[in-house]
Amino acid sequence: MTPSTNNRKAKRAPKQRENQSKFERPGGNNEKKLNYKQIKDKKLKAGLKKIDDEYRHAVASAAATEYLLPESIGFMEAEDEMEKTFKVKQSEIKSSVDVTTANKAMDLQLKEFGPYNINYSRNGTHLLIAGRKGHVASMDWRKGVLRAELNLNESCFDAVYLQNEQFFAVAQKKYTFIYDHEGVELHRLKQHIEARHLQFLPYHYLLATAGETGWLKYQDVSTGQLVSELRTKLGPTTAMTQNPWNAIMHLGHSNGTVSLWSPSMPQPLVKLLSARGPINSIAIDRSGYHMVTTGADKSMKIWDIRNFKELHSIENLPTPGSNVTISDTGLIAMSRGPHVTLWKDALRSNREAKPCYGSMGGNANRNVPYMSHMFPGNKINNIQFVPFEDLLGVGHETGVTNLIIPGSGEANYDALEINPYETSKQRQEQEVRTLLNKLPADTITLDPNVIGTVDNSASGTRLTAKDLAEITAQSLNQHKENKDIPEIKPDVKGKNSGLRSFLRKKKQNVIDERKLRVQKQLEKEKSSRQRNSKIRSGEISEDHKDLVGEALGRFS
Amino acid sequence: MAKKKSGSRAKSSKRALNALELAERELEGYDSESEARRYNSRSNGTVVNLLKKVQRGRSNDNDDDDDEENYNDSDDSFEDEELDSDEALGSDDDYDVLNSKFSQTIRDKSKKKMVKKIRTTTMMKMKMKVDILLFDEEDLMPLSAVWDLDSKATSTEQQQNNSDNEAGQLELQNDDQESGMSSSSDSSEEGSSSSDDNDDDEQEEENPFDEISSDEGDVELRNITSALLKDSSRINPKRLDTYGAGEENEFVLPSASKTQKTKLSLTDMMNVIDDKEAIADATLINGKSTMTEVPLPQRIQKRHERKAAYEISKDEVNKWKDVIQQNRRADHLVFPLNPTTEHNHASAFTRTTDEPKTELQDKIDQVLKESNLVDPQKDSTFEDLATAKMSPEEMRKKTAEVRLMRELMFREERKARRLKKIKSKSYHRIKKKELLRNKEMAGISDESDTELDIARAKERMTLKHKTNSKWARDMIKHGMTNDQETREEMEEMLRQGERLKNKILDRDGSDDDDENRKETLDDFERAEQEEENNNNIKENVGKTGVMNMAFMKNAEVREREANQETIAKLRTMENGHGGDLSLFDSDNDEGNGESVHLNKGRRVYTPGNLESRKELNEIEDAARKETEIDNSRSLENRMKKKNVPMTASGLEIRSEDDEVQKEEENEKGREEEKKQTSENANPWLDDGSDDDNSGTIKHSTKVHIVDKDSSKVSKRAQKIEKEITKQIRKNKTSKERKDDELLLSSTNNGKSLKFVDQYGGSDEETPSFMFKQQEVIVEAFAGDDVVAEFEDEKKRVMEDEDDKEEDATLPGWGDWAGVGANPKKKRKFIKKIKGVVTKDKRKDKNLKNVIINEKVNKKNLKYQSSAVPFPYESREQYERSLRLPIGEQWTSRASHQALIKPRIMTKPGQVIDPLKAPFK
C-alpha cells in the first residue's frame, strides 16, 4: 500500500547542457544559493528544496527541447576575406533565391501619394501602408489581396495595426482614427490631437500616441478608456517606440534626450541624452536589452538599456540617419537618405562589434556592414523588418519595397503566441485569449519582474509577533492622536454654480433667450444675496425697500 | 476462544459467546442456591483442590520435580499473557484485532503447550466473569474426583479411569459451560452417577475434537494429546504428609485419629499447593486479607479509565502514523490509492494466450506459421529466454566473456590499422621527392592561384617586411633592438621583405643587390652614350621637324643635364657618401617655385601647385622609405653597434639617435596637429574620416625610455611631450564647456574640410553641397548646448530628490520678552525633510547622460506584497519561489504539466474506499 509518490524526486539531478544558461531565469541557480542550513523550519526547507528541484528540471527540460526547433537562422557569408557581403546586390540575391522568396521581395510603385509609412501586423501576414497624402491601404501582402483601401484627403503620418489585422489606427492631420478591416471608420479619437507616432501595446491593449503636442496618451482599445495622458514638457515628440519586453514607451525629443514612460507615472522613468540634436529614430531589440538611436547630429548610439550604459557611439555618419530598426535576430538596419545599411552582431559590447563604414583605421576585424542598399533619387521614410521573414520592408517616397535580408527573420515561430499561418478561427480564439490575458495598464514598470515580489520598503524578513505588536501599537497611537483621519479643511463653497458654468460654456457672442434668462436669474440671486448680507450686518431692516431703486425701477 | 487453532474464527467466537451465555444462565438459575453453594465451596474448595492435587500426584508418583516446575512456569507465563488480552478485551471494538493477535501468539507456541493453554484460558475466563463462579466450578470437578477416589481408590483399573478422567477433566474444563451446570450439580449430589457423568462428558467432549480433526485432519494432535496425557499421569504431585497418617478406620476422624498435635492446618495444606497463583489469590486463607478498600471516587476512576482507554486508542492510532505521513508528504495522490492494474493485452498484434480462441484465429495462425511470419522472439516471454534461466553468477560470467571478446577484437583491429600506416622513413622521403619532381615538371606551384593571391594581398596589407611599420619604428626608436628576440624578428622581417622584392622584380635571389645596381647604372650610362651617338647621327641626318626646333633642343639638353646630374648623385651615393637625402632635399627646393614650411606660418593654397607638390611629396616619401630600407639594411650593423654602446664610433651612434629623435619630433608634430584638429572639430563638423581617432583622442601608446644615457635632446623632447599631453588633458576637460567657442573656432580654423563618404562611393553629394549643409547644421544648433542643459537638469533633480533641511526657526519664539530679557540665546530649529534618495545612493550616480527617476510608483505598489508572506522567512526565499513561471509559454510541455499536476487526482464516477489498515 504505497501512495503514488512523485517520481521526480526519485530522479537524479538533471543533466547539465551547454545551452542551459540560455534558459536560466534571473535569480536562478547560477546566482547565489540559498543557505538551507539556516532554515530551521523543516517544512519550509523541504518546500524550498522542492521548488529548486522543479526549477532545475524545468530549465533542463527547456534546454533539452531546444534541438526540436525545426529551423535555424542562415546569414549570408562571404567565401573568403576578399569578398564582402555588403557588396552583394538585391538583384543578385533575387536571382539566386527560390521563387517564393523572390516573389516576397515585392516592390509597390506608388508615386502619387508621397512618402509611405509601412506597418506589418504582428504575425507578418498583413501590411498597412499610409501615404503622407492620404492614401491608406491594408493588404494581405503574401497573397496579394487588398483588404481595405482609403483615400482620406488628409495628411497621414502614421498607421498601425491594433491587436490583429482587423483594426488599424491612422494618425491623421489632427485626430487619430480607427478603421476596421474594410476601411470603415469606427472611431475618431478626439483626445489624440496631432499625433505623429502610434504604437500599440498588444498585451495591454493600449494604443499610445505622441506627436506635435508633446503629450503621450494611452487609450485602452478594448474598453475605449483614455488610460493616461502624460505631458512630456519637451516639445514635439520626434521619435517613439516601445520596448517589447516591458511595454515602456521610449520617446525621442528635439533636445537629444530619450525619455522612458510608463502610463502610471507622470514623470519619465528615465531620461537619456543620446544625441546633440533631435532624435530621429529609436529602435529596441526584441529582448529589451538594447536601444539604438539616430540623431540629427549624424550620430548613431547603441545603448544597453538594462543598465543604461552606452555601448557604441558612431558620431560621424555621412548624413543623419533617419530611421533605425532591429530585427528579431539582432540585425541593425539604419536608413539615411536613400541608403539602407545593415550591421550584424553590432549589439555586442566588445570594441570590435562597433558598427562602422569602410576602412576604419585599417582594423581587419572591424564590423563592416552586413548588407546595404540604395534607392537612387529617393528618400526612405520608414523601415520595418517583416516578422518571420527574411525581409526588410522599406517605405519610401515612391512606394513600398521589400528587401531580402538573409537571416533577419525569426526562423521558429510559436504558433501559440503569434501564428503567421493562422486561420480566421484561430485568429478569433487568439483575440479572445489575449483579451482574457490582458494586463492592466498600471502593471507597466521598468522591471516587470517586480510584480509579485515584496515591496522594497518592506522589511526583508517575516515579521515576528513582537514586530507585529509594535506595529499595532503604532497604529493605535496614531488613532489616539487622530493622525489617521485627514486634516479638516475649512469648507469653502465653490464658486461654480450650474448657471455660471452654463454661461461659460456658451459662446460669448451668441445671445439667445435662454442665456438672457440665465443672466437675469443670476442677477436676481446676486441682489438677494447682497440684501441678505446687508440685513445680517444690520445696515438695513428686513422690510427695507429701496425706494429710489423702486422709483427708478420702472425705467429699467 | 481456545480453539483458535482450528482456524475458524467464527466458531471460536460463537463458542465464546456460548460461554458467556452459560455464565449468565448460571447467575440466573442458581441464585437461590448460590449462597449455600458458596458456603460449600468455601469450606470444601481447598479440600477439593487438595484432592485434585493428590489425585494427580498419585497418578504419576515417580516423576521428578523439575518437570513439574516447568509445567507450572509455562502455565504462569500463559496466564500472564491471557490477562493482558483479557484486559484489552474490555473494549468490544477491538475484539477482532486482539483476537487476531492472540491467535498469532498462540500459533507461535508449540503444540505441546496447546492443551495446557486450553485449560488456563478457561480458568481465566472464569475469573474474569465472577469469582464465585470460579470457585463453584473448581468445586465441581475435584468433587467428582473425590467421589471417584472414595469408591475406587486402589484399583489399577481405576487408575486407568483416572487418567481418562483427567483427560476428561481437561476437556471438560474447555467446555464446562457446554456440559452444563446441571450435570455437575447432579454429580455433586449423586456420587454414583458421577462415572456416568464422566462418560457423558467424554461423549460431549468428542464433538469439539471432531470439529478440530475435521477442520485440520489433525491426527498428529491426537497423538500429541495422548502423549501429553501420559506425561501428566507420570507427574507426581506433592503429597500431604500428615494426611491420613493415622490408623485407618471407618469411624476415625482424620484429624483426631492419632495425636492432637497433628492437626491439619490450613498452612499445611497451603504448602502442598503448587499453583502459586492460587496461593496468592487465597488471601482469606493467608490471613493477610484486609477489608476491600473503598473504591476510588467515580470521577477519578473514570479518569483512570479514560487514561487507559486513551493509551489503547493512541496505540491503535499510532499504527496509522506512517501511512498518514506518507500520504501527507506525497506530492500527488491518485485515488483509489491502489488501483488494480489492467494490462491491456488484447491488442491487434499481440495475444495473451497461446491457444487460439476462434477458428479464424486458428486459421490465421496456421497461415502465419506456414509463411514463416511468426516471430518466435515476440512470443517468448521473459521466462522463456535463455538468459532468464541463468543464475546471476552465470550471467555475470557470460557478460564478462562477451566483453573480453569485444575488447580483444577491438584491439586487433586497431593494431591492424596502425600497421597499415607504418612505412619506412626512406619510403616517405622518396615519395616526397617524387612529388616535388612531378610538380616541378608540371610547373604547378604548391598553392592554388587564389590562395597565392590572398597571401600576397595579406603581405601587402600587413607590410610586414618593412621597417617602417609602426612596431618596427617603435622598436628602433626605443632601442628595443638590443633584445635578442626582437632583433631576430626584425631580421626575419627584413629578409622577408627582400624576398618579396626579389619576387616582384623577378630577380634571382642569389644576385647581389649592389652588383645589380651597378650593372643597371652601367647599362644606363651605356644607353646614354648610345643615345648621344644617335643624336649625332640625328643632327647629321636632318635638320627639319619639330625636334630640331630651338625650344625642343633646349629641353632636351636640360633633360640630359638633369639625368647626368642624377647619375652623378647616384654614383656618389654608391661610393658611400652620407648626406644622401640632403641632395634630394635641395632638389625639392629647386623644383618648386615656392617654399612651404611645415607647421609654420600661414598655409598657402595654390591649387595648381598643390597637386604637383603632392606628387613630389609622394616621391620624396618613397625615397625616404627607400633610404630607410637601406638604413635598416645597415640596421643590422647598427644593432650590432648598439649592443656595444660606447665603442669608438660613439659619435655615430649619437647622430643616429638624433635622427631618430628628429623623426620622433616630426611625428609628434604631426600627431599634435591631428589632436588639434580633433580638438577643434565641432562634434557636428568632424571631417568624416571614419576612424576612431576622430571621435576620441588617441592616447599615444609609445613607451619612452629616458634615462641618464639618453641624449639631452631626447630628454627635452620628453619634457615637451609631457607638457603637450597635459594641455590636451586640460583641453579635454574644458572641451564640453567650450562647445560654442569651438563651433566658432572651427569655422575660423582655416583648415579645409573634406567630406568623403568612404563607403557610399561616387553617388554622394558634392562636397560643396555638404559644406552648405554643415553650415546649416551649425546655424541650426548654434545656440543649443544640450549637454550642459542635461547636466544641469540632472543636478537639479539630484538636489530635489535629496534629503532637505529646512530652517524652522522663528525669531523670538520661546524667548522672554521685555526688559531684562536675554535675547542673545539663539535656538535653531532645523527640520529634516526626507527626500526620495540621497545623492550618493542614486542609481544614476555613476552613469553619464542618464537620469533615473527614483520616485516610487504608487500605482504599482498594489502588485507587490507589503510583507514577506507566511511560510517564507525572508525575501530571497519568497522571490525564489516566484522564479519559475508555470505557464506553458515559458516552460517545456513536460515541466508545465508536472507543475500544474493537481495534488489529489480522482476519477469521476469511481468509488473511493476509505484507507485500509496496511499493518494487518
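**Entry 1. The two chains**

I began with chain B, in which 13% of the 920 residues count as buried; a residue is buried if 20 or more other C-beta atoms lie within 10 Å of its own, exposed if 12 or fewer, and partly exposed in between, with C-beta atoms placed from the backbone. I note that this is a predicted model, in which local features need pLDDT of at least 70 and side-chain atom pairs count only at pLDDT 80 or more, while totals for chains, interfaces and linings use all residues. Residues are numbered from 1 along each chain as its sequence is written, and chains are lettered from A and ligands numbered from 1 in the order in which they are written.

Chain B holds 36 helices and five strands. Helices (H or I, at least four residues) and strands (E, at least two) are DSSP runs, numbered from the N terminus. In chain A I found nine helices and 28 strands, and 37% of its 556 residues count as buried.

I then looked up contacts, that is, pairs of residues whose C-beta atoms, placed from the backbone, lie within 7 Å. In chain A, residues 24 or more positions apart account for 48% of the contacts with a separation of 6 or more. In chain B, 68% of the contacts between residues at least 6 apart in sequence join residues at least 24 apart.

**Entry 2. Confidence in chain A**

I read pLDDT as the predictor's confidence in each residue, from 0 to 100. Chain A has a mean pLDDT of 88, and 93% of its residues reach 70 or more. Where pLDDT is low, the predicted coordinates should not be read in detail.

I asked how many of the six residues of β3(A) are buried. In this strand (residues 126–131), six of six are buried. A:His126, A:Leu128 and A:Ala130 are buried on one side of β3(A), and A:Leu127, A:Ile129 and A:Gly131 on the other.

For pairing, DSSP must find at least two bridges between two strands. Strand β2 (residues 116–120) of chain A runs antiparallel to β3(A), joined by five bridges, with A:Ile118 opposite A:Ile129. These two strands form a hairpin with five residues between them, and A:Gly124 in the turn has a positive phi of about 80°. β3(A) also pairs with strand β4 (residues 135–140) of chain A in the antiparallel sense, over five bridges; A:His126 has A:Asp140 as its bridge partner there. That hairpin has three residues between the strands, and its A:Gly134 takes a positive phi near 105°.

Five bridges join β6(A) to the antiparallel strand β7 (residues 167–172) of chain A, and A:Val160 stands opposite A:Ala169.

I next looked up the nonpolar cores, sets of buried Ala, Val, Leu, Ile, Met, Phe, Trp, Tyr and Cys residues joined through C-beta atoms within 7 Å. The largest has 97 residues, and A:Val170, A:Ile332 and A:Ala333 have the most contacts inside it. Among the residues that A:Val170 touches are A:Ala130, A:Cys156 and A:Phe177, not counting residues up to four places away in sequence.

In α34(B) (residues 786–801), the buried residues are B:Val786, B:Phe790 and B:Lys794. They cover an arc of only 80° around the axis, taken from the directions from the helix axis to the C-beta atoms, which puts them on the same side of α34(B). On the other side, B:Asp792, B:Lys795, B:Arg796 and B:Glu799 are exposed. The buried residues pack against β16 (257–261) and β17 (270–273) of chain A together with β4 (850–852) of chain B.

**Entry 3. Backbone exceptions**

A cis peptide bond joins B:Phe335 and B:Pro336, with omega about 0°. B:Asn849 has a positive phi of about 60° although it is not a glycine, and it counts as buried, with 21 C-beta neighbours inside 10 Å.

Methods:
Two residues are in contact if their C-beta atoms, placed from the backbone, lie within 7 Å.
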